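Visitor: I would like to learn how to read a structure feature by feature. Could you take me through one, giving the general idea and then the case at hand?

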Amino acid sequence: VGVGGEGVVQAWGNWRPCRGGAAGVLDVMRRRIDAPNPAMDALLATVLENYRDAGLVQASLASVPRSHGGLSERIFPARSLRAYKQKFDPSWSSRWLAVASRRHTLPALTAVGRAYCPGGVRRACFRNR
């Protein structure tokens, strides 16, 4: 949690352990709309320094879906999220969705869509305007 001088929470993030506790992955990050611009940067930098000092070997800023522009950017603004995370000079690596057979493709993609848009695509379109 990042707290400003007046005691108001300006930004927060949730990290999950991975690799048997040797690493952490960013789960969720948010900041107040009126928070100072560097509030999230300062919070992430502090967490990453604390991880380093605690001996963690890796910290992941989590994945970002590929941007396909247009409607997909309104549903999930991947371009701006990727640009934000790029400031920390991460090592990007591809993630793949594996399914047992072609008939599992649609259910798997539906599950991914629900993960990124828990309130549904329609709600996501209006939320990110």
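This is a predicted model: local features need pLDDT of at least 70, side-chain atom pairs count only at pLDDT 80 or more; totals for chains, interfaces and linings use all residues.

Guide: Let us begin with what is meant by an element: helices (H or I, at least four residues) and strands (E, at least two) are DSSP runs, numbered from the N terminus.

Visitor: How many helices and strands does the protein chain have, and what pattern do they follow along the sequence?

Guide: The protein chain has 5 helices and 4 strands, and reading along the sequence gives the pattern β-β-β-α-β-α-α-α-α. The C-alpha trace spans about 50 × 35 × 25 Å along its principal axes. Among contacts between residues at least 6 apart in sequence, 49% join residues at least 24 apart.

Visitor: How should I read a nonpolar core, and which residues have the most contacts inside the largest one?

Guide: In soluble globular proteins, nonpolar side chains tend to be buried together. Here the largest nonpolar core has 13 residues, and those with the most contacts inside it are Trp15, Leu26, Met29, Met40 and Leu44. Strand 2 (9-18), strand 3 (23-31) and helix 1 (39-53) are the elements that give two or more residues to this core, and helix 1 gives the most, with 6 residues. Leaving aside neighbours within four places in sequence, leucine 44 is in contact with Trp15, Leu26, Met29, Tyr84 and Phe88.

Visitor: How far is the C-alpha atom of leucine 44 from that of valine 112, and where does valine 112 lie?

Guide: The two C-alpha atoms are separated by 26 Å, and the residues are 68 apart along the chain. Valine 112 lies in helix 4 (residues 105-116) and, at 33% relative accessibility, counts as partly exposed.

Visitor: Which side chain of opposite charge is nearest to lysine 85, and what is in contact with this lysine?

Guide: To read a charged residue, one looks at its cover and then for a partner. Lysine 85, which lies in helix 3 (residues 78-86), is buried yet has no salt bridge, and the nearest side chain of opposite charge is that of aspartate 27, 9.6 Å away. A salt bridge requires a side-chain nitrogen of Lys or Arg within 4 Å of a carboxyl oxygen. Apart from neighbours within four places in sequence, lysine 85 is in contact with Leu61, Ala62, Ser63, Val64, Pro90 and Trp92.

Visitor: Finally, which residues make the nonpolar surface patch, and how much of the chain counts as buried?

Guide: Val1, Val3, Val9 and Trp12 make a nonpolar surface patch of about 370 Å². Of these, valine 1 is found in the segment before strand 1 (2-3), and valine 1 counts as exposed at 66% relative accessibility. Of the 129 residues of the protein chain, 21% count as buried, while the chain exposes about 9400 Å², 55% of which is supplied by carbon and sulfur atoms.

Terms used:
Residues are numbered from 1 along each chain as its sequence is written. Side-chain values use heavy atoms; hydrogens and water are left out. Buried means under 20% relative accessible area, exposed over 50%, partly exposed in between (1.4 Å probe, protein chains only). Lys and Arg count as positive and Asp and Glu as negative; His and the chain ends are not counted. Contact means heavy atoms within 4.5 Å. Patches are made of residues with over 30% relative accessible area and no salt bridge: like charges are joined within 9 Å, nonpolar side chains (Val, Leu, Ile, Met, Phe, Trp, Tyr) within 5 Å. Accessible areas come from the Shrake-Rupley method with a 1.4 Å probe; for residues, only the protein chains shown count as cover. A nonpolar core is a set of buried Ala, Val, Leu, Ile, Met, Phe, Trp, Tyr and Cys residues joined through side-chain atoms within 4.5 Å.
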